[in-house]
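Here is a short walk through one protein chain.

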Amino acid sequence: ALVSEAFLHPDPWDETQLGCLPLTLIVRAERRTAALESLVEGLERELLEEYRKVFTPEADRCVACLNISLVDDDEVCRRHGLAAAIRALHTPAMPVWRRR
């Protein structure tokens with residue numbers, strides 16, 4: 001699945017419940033695949049592990065520091081879920097990367 005764009009989204013997380021304030025990254029791809037889902041899970045897991053190393057002991061209770069949401073082209077067209085944030089008028093997602 002070809003990844004075309006990535007956006008940061010100011011998603012309202014509950015910092016007290018998660019132990020830290022995570023980032024929400026919306027990744028737009030042509031379609032969802034098992035390989036892409038696996039890659040996302042690995043990135044989330046590795047970043048959390050590194051975050052804990054850097055911010056120990058405060059980060060020991062942190063259960064998530066990166067939430068990557070995959071959206072496909074169909075979801076963007078239908079403005080479904082977090083895909084709607086990509087072109088939202090209020091609180092739009094901020095573009096951080098685009099394939100050239």
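Glu37 is partly exposed, because its relative accessibility is 30%. Partly exposed lies between two limits: buried means under 20% relative accessible area and exposed means over 50%, with a 1.4 Å probe and protein chains only. Glu37 forms a salt bridge with Arg32, and their closest N and O atoms are 3.4 Å apart. A salt bridge here is a side-chain nitrogen of Lys or Arg within 4 Å of a carboxyl oxygen of Asp or Glu. Arg32 also counts as partly exposed, at 40% relative accessibility.

This is a predicted model: local features need pLDDT of at least 70, side-chain atom pairs count only at pLDDT 80 or more, and totals for chains, interfaces and linings use all residues. Residues are numbered from 1 along each chain as its sequence is written, and side-chain values use heavy atoms, with hydrogens and water left out.

Which residue forms a salt bridge with Arg32 at 3.2 Å? It is Glu75. Glu75 lies in helix H3, while Arg32 sits in the loop between strand E2 (23-29) and helix H2 (34-54), so the pair ties together parts that are 43 residues apart in sequence. Helices (H or I, at least four residues) and strands (E, at least two) are DSSP runs, numbered from the N terminus. Helix H3 covers residues 73-78. Is Glu75 buried or exposed? Glu75 is buried, because its relative accessibility is 11%. Leaving aside neighbours within four places in sequence, Glu75 is in contact with Arg32, Leu70, His80 and Ala83. Contact means heavy atoms within 4.5 Å.

Arg31 forms a salt bridge with Glu30, with the closest N and O atoms 3.6 Å apart. Arg31 is partly exposed at 46% relative accessibility. Glu30 is partly exposed too, with a relative accessible area of 41%. Elsewhere, salt bridges link Glu5, Arg28, Asp73 and Arg98 in a network. The count of salt bridges comes to eight.

Now step back to the whole chain. It has three helices and four strands. Along the sequence they follow the pattern β-α-β-α-β-α-β. Of the 100 residues, 38% are buried. Among contacts with a separation of 6 or more, 67% join residues 24 or more positions apart.

Finish at strand E4 (residues 94-98), where Trp97 is found. Trp97 counts as partly exposed, at 41% relative accessibility.
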